[in-house]
Amino acid sequence: MTRQANLKQLDNAQIANILSEMAVLYAMHHVEFKPRAYEKAAESVAAFHEDIGILYKREGIVGLQKIPGVGKGIAFHIEQLLTKGSFEEYRELKAKTPVQIEELMAVEGVGPQTISMLWERLKIKNLNDLEKAARAGKIQKLPGFGKKSQEKILRGIEFLQQTGGRKPLGIALHHARELEIAVVKFKEVRKVAIAGSLRRRKETIGDVDLLICTDKPEKVTEQFLALPSVRHVFGKGTTKINVRLRNGLEVDVRVIPEESWGAALNYFTGSKAHNVALRKIAIKKGYKMNEYGLFKGKKMVAGKTEKEIYEKLEMSYMEPELREDTGEIDAAIREFHGEKPWLPKLIGYSDLKGDLQVQTDWTDGKNSIEEMALAAEQMGLEYIAITDHTKSLAMTNGTDEEKLLRQMKEIDTLNAKLRLQGKKVCILKGAEVNILKDGSLDIADEVLSQLDVVGAAVHTHFNLSLSEQTARVVAAMKNPHVDILFHPTGRLINKRKPIELDMEVVIAKAKETKTILEINASPERLDLKDNFIRRCVERGARMVIDSDAHAMEQYAFLPLGIAQARRGWAEKKDILNTFSLKEFLSQLK
Ligand code: DGT
Ligand code: CA
Ligand code: CA
Ligand code: ZN
């Protein structure tokens with residue numbers, strides 16, 4: 001049969017997106033009833049518990065009609081999508097109305113009705129048109145709109161441009177934990193967990209997936225929707241809610257019964273690629289696997305915990321940060337059967353003993369050296385390096401040689417004082433030295449040689465060519481005083497692209513010159529990013545994880561850096577600031 005072969009790789013979410021686009025297109029052409037029907041079908045396709053491609057392979061078009069809200073007509077369109085990737089009506093309507101629906105829907109406050117009107121009255125096709133019209137004051141003149149809604153649209157566009165719709169991990173994690181705390185307080189809630197990309201600690205987050213375990217789903221969803229932090233409800237059922245919070249975060253909530261907790265946690269943690277690979281293995285072993293459990297025939301054989309599911313599949317447990325289908329499953333199978341190479345023994349969240357990038361009120365930091373040291377001790381750190389910016393970064397009031405020498409004296413005094421007080425934390429003398437355009441540094445070698453730790457960083461000339469930039473950074477690493485390359489690629493998440501660097505060369509030279517590469521844990525940096533960390537691990541290049549704290553409370557960034565290191569398969573031994581002070585110092589140039 002033809003349907004057995006050549007299925008397009010459309011997943012449920014993609015099919016749902018096209019159906020929901022159809023709903024808007026029908027509405028724009030004033031077709032009756034269909035908009036609502038397609039919207040409903042889109043919702044149930046998105047929520048459907050099985051991959052629709054698989055359902056179709058097994059049961060054909062009749063199977064598709066088992067999806068709630070999917071009748072003959074819509075089933076036919078889904079079949080076309082699965083086999084051909086598109087269907088005629090979709091192509092026709094798209095040709096007649098060349099409007100970027102998904103793009104416009106992403107703007108906070110813009111829905112199908114608005115898109116219809118914007119197209120009819122102002123021929124607005126995309127985000128760009130919308131922004132122009134709003135800036136020209138044309139939106140506020142539309143019926144039902146005013147100055148306020150126009151401004152709101154502009155703010156929505158600005159936000160989208162800033163973030164590409166995805167939130168940095170640091171922000172999303174903070175908000176999600178607040179939400180978790182609020183939900184745990186509901187009386188009928190047994191357990192709450194953050195799943196999705198957030199549990200995997202991806203550097204940016206599309207939406208937050210929150211799982212709630214309860215025997216009283218109706219009560220709990222009702223309570224959730226009444227939370228003051230909920231601003232907009234996109235969809236609600238008894239076990240599934242989709243909302244936007246006041247802080248802009250989108251949240252998918254699933255209510256899960258106790259016996260399926262592990263299966264749901266596993267499914268909604270993803271990644272999708274990891275899930276797909278797992279399910280393939282489950283099927284090979286004669287199981288059925290979904291978010292409710294692992295089944296042999298009708299009998300559930302695992303599902304309460306993730307561990308028991310992996311065990312039944314004959315795999316070791318994989319930490320969420322590894323679940324990207326990039327080799328972790330093979331390693332977990334080998335480990336289960338006692339064959340090497342195993343899964344990495346990931347660096348733990350409390351393994352750091354030091355922090356090698358800390359700024360103070362000597363430059364652009366908020367707190368004094370002493371305050372930063374005491375706060376570090378509170379965090380359980382044994383050593384910190386004070387690395388204030390140096391002189392060529394004028395806006396930070398950077399230190400020159402004379403000021404650095406003065407700071408070294410102060411650090412000696414403070415260390416003595418801390419010892420007297422019985423404190424354990426040790427302050428190292430350091431600097432964050434600027435790498436100039438030609439790869440030389442802005443502080444004289446003679447002064448650098450007196451510091452305990454020297455970090456070098458690119459803060460200017462971000463736009464050099466690949467060869468120039470790589471040569472510049474390599475030249476700095478060759479300096480015998482440079483111990484660490486700080487935030488190696490210079491990227492700012494959602495704000496600034498990385499500099500053009502040949503990372504293969506940089507990693508090789510780091511090894512050769514004994515220069516340590518930094519994983520900067522500052523939420524807007526996370527630099528090195530996970531794939532480069534993994535490459536360092538493979539090549540045996542050494543790294544540290546630093547907070548880049550500019551204030552006492554910013555040591556709290558460190559776990560974000562640890563998370564990225566774990567995503568990069570790093571073990572304790574790969575990260576030098578898991579070492580004691582003495583061991584750490586012995587590793588420097
Ligand atoms: P995000 O939100 O874009 O940062 O990334 P995720 O990974 O959180 O993705 P999301 O929120 O769309 O879905 C949460 C998890 O649910 C995802 O990691 C895996 C699972 N999942 C979602 N859709 C599918 C699907 O079509 N097939 C499979 N096998 N799993 C899915
Ligand atoms: Ca998500
Ligand atoms: Ca989601
Ligand atoms: Zn810097």
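Is Phe584 buried or exposed? Phe584 is buried, its relative accessible area being 0%, where buried stands for under 20% relative accessible area, exposed for over 50%, and partly exposed for what lies in between (1.4 Å probe, protein chains only).

This is a predicted model, in which local features need pLDDT of at least 70 and side-chain atom pairs count only at pLDDT 80 or more, while totals for chains, interfaces and linings use all residues. Residues are numbered from 1 along each chain as its sequence is written, chains are lettered from A and ligands numbered from 1 in the order in which they are written, and side-chain values use heavy atoms, with hydrogens and water left out.

**Aromatic contacts**

Five aromatic pairs are found in a search of the whole structure; rings of Phe, Tyr and Trp (its six-membered ring) pair if their centres lie within 6.5 Å, and planes under 30 degrees apart count as stacked, over 60 as edge-to-face and the rest as tilted. One of the aromatic pairs joins Tyr383 and Phe584 in a stacked arrangement, with 5.4 Å from centre to centre and 25° between the planes. Because Tyr383 belongs to strand 12 (residues 383-386) and Phe584 to helix 24 (residues 581-586), the pair ties together parts that are 201 residues apart in sequence; helices (H or I, at least four residues) and strands (E, at least two) are DSSP runs, numbered from the N terminus. Tyr383 is buried, with a relative accessible area of 0%.

Charges also sit over rings, which requires NZ of Lys or CZ of Arg within 6 Å of the ring centre and within 35 degrees of the ring normal. Lys296 lies over the face of Tyr287 at 4.3 Å from the ring centre, and the charged end of Lys307 is placed over the ring of Tyr317, 4.9 Å from its centre.

**Metal sites**

Donors are N, O and S atoms within 2.8 Å of the metal (3.2 Å for Na, K and Ca), and sites may look incomplete because water is not among the atoms. The zinc ion (ligand 4) is coordinated at 1.8 to 2.2 Å by Glu432 (OE), His459 (NE2) and His487 (NE2), and its donors follow the spacing E-x26-H-x27-H along the chain. His459 and His487 are both buried.

The calcium ion (ligand 3) is coordinated by two OD contacts listed for Asp207, together with Asp209 (OD) and Asp252 (OD), at 2.3 to 2.6 Å, and the donor residues are spaced D-x1-D-x42-D in sequence. Asp207 also bridges the calcium ion (ligand 3) and the calcium ion (ligand 2), which lie 3.6 Å apart, while Asp209 counts as buried at 12% relative accessibility.

**Salt bridges**

The whole structure holds 36 salt bridges, each being a side-chain nitrogen of Lys or Arg within 4 Å of a carboxyl oxygen of Asp or Glu. Among them are these:

| Pair | Closest N and O atoms |
|---|---|
| Arg190 and Asp215 | 2.7 Å |
| Glu335 and Lys345 | 3.5 Å |

Salt bridges that share partners join Arg200, Glu203, Glu324, Arg491, Lys529, Asp530 and Arg567 into one network. Turning to accessibility, Arg190 is partly exposed, with a relative accessible area of 46%. Glu335 counts as buried at 19% relative accessibility, whereas Lys345 is partly exposed at 48%. Lys573 is exposed, with a relative accessible area of 54%, but Asp574 is buried at 9%.
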